[in-house]
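Hi everyone, thanks for coming.

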Amino acid sequence: MKKALLLIDIQNDFCEGGSLAVPGASEIIPITNELISKFQASGDLVVATMDWHPADHGSFASNSGGKIGELGKLEDIPQIWWPDHCVQGTPGAELHPELKKIKNIIYKGTNPKIDSYSAFFNASKDETDLNKFLRQRDVDTLYILGLATDYCVKFTVLDALDLGYQVYVVSNACRGVNLDPNDSETALEDMKKKGAKLIESASIK
């Protein structure tokens, strides 16, 4: 059994001061750095995912003609319209500057016609490089944390379970958008019901 720490979208635009800031996002940085050190010290894999949108991405309200936060359709798939965020090559797309250096990066959301909450698949179920990358290294157990609980963390966890990984969600190192106040709580319950184990970072040895 090989394990990996999977960090979801801890990027400037999702942190305080960013264009799509998740409340309390910077609170997870010290916890995340501690876990990065633990996994690296034990020789385990650490992988970060990054939203990496082209400027003409269809999920942006500025491109869709919709209003931020409203639900529309992108390629006939329900889509929330977001502010421009994590545009390729911009400071907002960079990993948070206080995050420890990570060499393994998986990019997602690169297709302008479709959104990609999950780190494994976009909304039309085309694969990213993540599953292949992990399988080539015999990883079967994932410890997942990051931003945001109710979107990219949730859909990454659900897809990881579908792909057969054992999944631990480090719940104290996740923060949510919470367009509705209970979205993060509901997301954690959905992950748990499907088979993910919710843990605190202190329990990881």
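Let's start with a term: on a 1 Å grid over the protein atoms alone, a cavity is a set of points where a 1.4 Å probe fits but cannot get out, and lining residues have an atom within 4 Å of a point. Grid points are joined across faces, edges and corners, and the volume is the space filled by probe spheres set on the points. Now, the model is a predicted one, where local features need pLDDT of at least 70, side-chain atom pairs count only at pLDDT 80 or more, and totals for chains, interfaces and linings use all residues. Residues are numbered from 1 along each chain as its sequence is written, and side-chain values use heavy atoms, with hydrogens and water left out.

So, the largest cavity: its volume is about 130 Å³. It has 13 lining residues, and the closest to its centre are Phe 14, Leu 20, Trp 82, Tyr 151 and Cys 152.

Next, Thr 156. You'll find Thr 156 in helix H4, residues 149–162 (helices are DSSP runs of H or I, at least four residues, numbered from the N terminus). Is Thr 156 buried or exposed? With 0% relative accessibility, Thr 156 is buried, meaning under 20% relative accessible area, with a 1.4 Å probe and protein chains only. Ser 118 is 38 residues away along the chain, yet the two C-alpha atoms are 4.2 Å apart. Beyond neighbours within four places in sequence, Thr 156 has contacts (heavy atoms within 4.5 Å) including Leu 6, Ile 8 and Phe 120.

Conventions
On a 1 Å grid over the protein atoms alone, a cavity is a set of points where a 1.4 Å probe fits but cannot get out, and a pocket is an open set with protein on both sides within 12 Å along at least five of seven lines; lining residues have an atom within 4 Å of a point. Helices (H or I, at least four residues) and strands (E, at least two) are DSSP runs, numbered from the N terminus. Buried means under 20% relative accessible area, exposed over 50%, partly exposed in between (1.4 Å probe, protein chains only).
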